[in-house]
Amino acid sequence: MNEKRKARIIIKCLDEVRSGNMSREECQQKYPKLAEELRSIFSSSEMLSSIQLPEVDPLYIRKQKIKLMQKLSDRENLVTKSQSHRYMEQEHKPNLKRRLKMTWVIIVTTILSLVSGAGAVYASKDALPGDVLYPVKTWVEDFEETSGLDDFIDTIEDFFEDVDDDDDDLYDNDDDVENDSDDDLDEDSDDDADNDSDSDSDEDLDEDSDDDADNDSDSDSDSDSDTDNDTDDDTDDDTDNDTDNDNDDDDDDD
Amino acid sequence: MRLTLDTIHRSEDQLIIKAISGDKEAFGHLYDNYFMQIFKYLLIRTNTKEDAEDMTEIVFMKAWEHLPNFGEKKKERNFHAWLFRIAHNTLIDRYRTKKESLSLESALQIKSTNAEPEKIVLQNEKVKMIRKAIKMLDEISREVIMSRFFGGLSHKETAQLVGVNENNVRIIQYRALKKLNILLREQNE
């Protein structure tokens, strides 16, 4: 018989004897194998029980009670009876519904904390010294360095960079196709511009030739002055044409 | 019997709830119910009757003060054990501040004051032996013996007071009584 079982039987017997439900002999007869041990335990118990503490006078107790009641401070008025309700709930009615409510509060709070924490860390990525989130950034960096996360993040970043490069290559091919068509359009427009300038120059030439004819009729001998006048007229006409074109453009823009 | 115990517990619960709300009369009933047990427990652990009286008052003052927190911890939902825990802590505080050692001699000698002189001598001898034997027990065994034999605590309440489970209380009590028997026999020889 192990000690635990023996202790349980002997102490149960002792309790029965002390409470008067059973006599020592009855107990020893019930457990003959433990009779010797029961005897020694009963002996110790009897020794302890023989110490009779003095009876206290009921009048003295009453006096002490009155003294105590006078000393007790008034309890502050409770706003609700939550404390006594809490005791009652704990003792008698475990309110599972309310407990689950509290669980939800904890779950929601945890999720919110995680989300806001992650948001703060993300937002602090571009923080500079002096910004509110800068300490968060430095803390996260320190943590990454110390925890070895840095290498892991580098690996992930390299991976994403590679993926980006592949994507860029794909985009580059598309751009080439688009650029070719753009070039064609540009060339066409250049041609148009050339044509315009040619027509302008033709007109200039026509005007110049008219002027030349006039000047020639005025003075045939003075060739130097003719050429000077020609150039002056040309430039004047050109500037006039330019300004006209500019005004037209402005109108179009408007 | 069961019905009666239930009724007692229910009425005690009501008294506790009323006392928490500030009802001094209800607390007075609790005082009546537990005064003797606390007083005896303290008397057996203190040097004098006066000390036991002072400390009993302190225990109930503390109980009134901390009653709104009663039941917060799962293990402290038994009022009897809770009150004894306060008594135990008060006792420790008292002897820590006074720097005195726990003595059983004076308290145990009180019983013999009304007896005949011859019996007083014999009784004192017996008390001395028991005191010496109890002193030789370890702290937890001493606490279990005191709670069970002088505090009137059940196994469950003792378990709550000492901070072990009920089965362990039984084993500690069994071993302590066995050891006491050996020690007392040695002293007699």
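Modeller: The helices α1(A) and α3(A) are oblique to each other (under 35 degrees counts as roughly parallel, over 145 as roughly antiparallel, 65 to 115 as roughly perpendicular, the rest as oblique). This is a predicted model, in which local features need pLDDT of at least 70 and side-chain atom pairs pLDDT 80 or more, while totals for chains, interfaces and linings use all residues. Residues are numbered from 1 along each chain, chains are lettered from A and ligands numbered from 1 as written, and side-chain values use heavy atoms, without hydrogens and water.

Colleague: At roughly what angle do the axes of α1(A) and α3(A) cross?

Modeller: An axis is a line fitted to C-alpha atoms, for helices over the stretch in contact, and the angle between N-to-C directions runs from 0 to 180 degrees. For α1(A) and α3(A), residues 35-49 of chain A, the crossing is at roughly 50° and the axes come within 11 Å.

Colleague: Is the crossing of α1(A) and α3(A) left-handed or right-handed?

Modeller: A crossing is right-handed if the near helix is turned clockwise from the far one by less than a right angle, left-handed if anticlockwise. The α1(A) and α3(A) pair is right-handed. On the α1(A) side, the contact (heavy atoms within 4.5 Å) is made by A:Lys6, A:Ile10, A:Cys13, A:Leu14, A:Val17 and A:Arg18. On the α3(A) side stand A:Glu37, A:Leu38, A:Ile41, A:Phe42 and A:Ser45. By class, this contact has seven nonpolar, one polar and three charged residues (Ala, Val, Leu, Ile, Met, Phe, Trp, Tyr, Cys and Pro are nonpolar; Asp, Glu, Lys and Arg charged; the others, Gly among them, polar).

Colleague: Why do residues three or four places apart in an α-helix point the same way?

Modeller: An α-helix has 3.6 residues a turn, so residues at that spacing point the same way. In this model, A:Ile10, A:Cys13, A:Leu14 and A:Val17 are among the α1(A) residues that touch α3(A).

Colleague: Does A:Ile10 count as buried or exposed?

Modeller: Burial is read from relative accessible area: under 20% is buried, over 50% exposed, and in between partly exposed (1.4 Å probe, protein chains only). A:Ile10, in helix α1 of chain A, counts as buried because its relative accessibility is 0%. Leaving aside neighbours within four places in sequence, A:Ile10 is in contact with A:Leu34, A:Glu37, A:Leu38, A:Ile41 and B:Tyr174.

Colleague: Where is A:Ser23 found?

Modeller: A:Ser23 sits in the loop between α1 (3-19) and α2 (24-30) of chain A. It is partly exposed because its relative accessible area is 28%. The C-alpha atoms of A:Ser23 and A:Cys13, 10 residues apart along the chain, are 9.0 Å apart.

Colleague: At what angle do α1(A) and α9 of chain B pack?

Modeller: The angle is about 80°, and the axes of α1(A) and α9(B), residues 166-188, are 9 Å apart. That angle makes α1(A) roughly perpendicular to α9(B). From α1(A), the residues that meet α9(B) are A:Glu3, A:Lys4, A:Lys6, A:Ala7, A:Arg8, A:Ile10, A:Ile11 and A:Leu14. Their counterparts in α9(B) are B:Asn167, B:Arg170, B:Ile171, B:Gln173, B:Tyr174, B:Arg175 and B:Leu177. This contact divides into seven nonpolar, two polar and six charged residues.

Colleague: Within chain B, at roughly what angle do α2 and α7 cross?

Modeller: The axes of α2(B), residues 24-45, and α7(B), residues 139-149, cross at roughly 140° and come within 10 Å. That makes α2(B) oblique to α7(B). Their crossing is right-handed. B:Tyr41, B:Ile44 and B:Arg45 in α2(B) meet B:Glu139, B:Glu143, B:Met146 and B:Ser147 in α7(B). The classes here are three nonpolar, one polar and three charged residues.

Colleague: How many residues of α7(B) are buried?

Modeller: Nine of 11, so α7(B) is mostly covered. Among the buried residues are B:Glu143, B:Met146 and B:Ser147.

Colleague: How many helices and strands are there in chain B?

Modeller: Helices (H or I, at least four residues) and strands (E, at least two) are DSSP runs numbered from the N terminus. Chain B has nine helices and zero strands; chain A also comes to nine helices and zero strands. Of the 189 residues in chain B, 50% are buried; of the 254 in chain A, 19% are. Among contacts between residues at least 6 apart in sequence, those joining residues at least 24 apart make up 63% in chain B and 32% in chain A.
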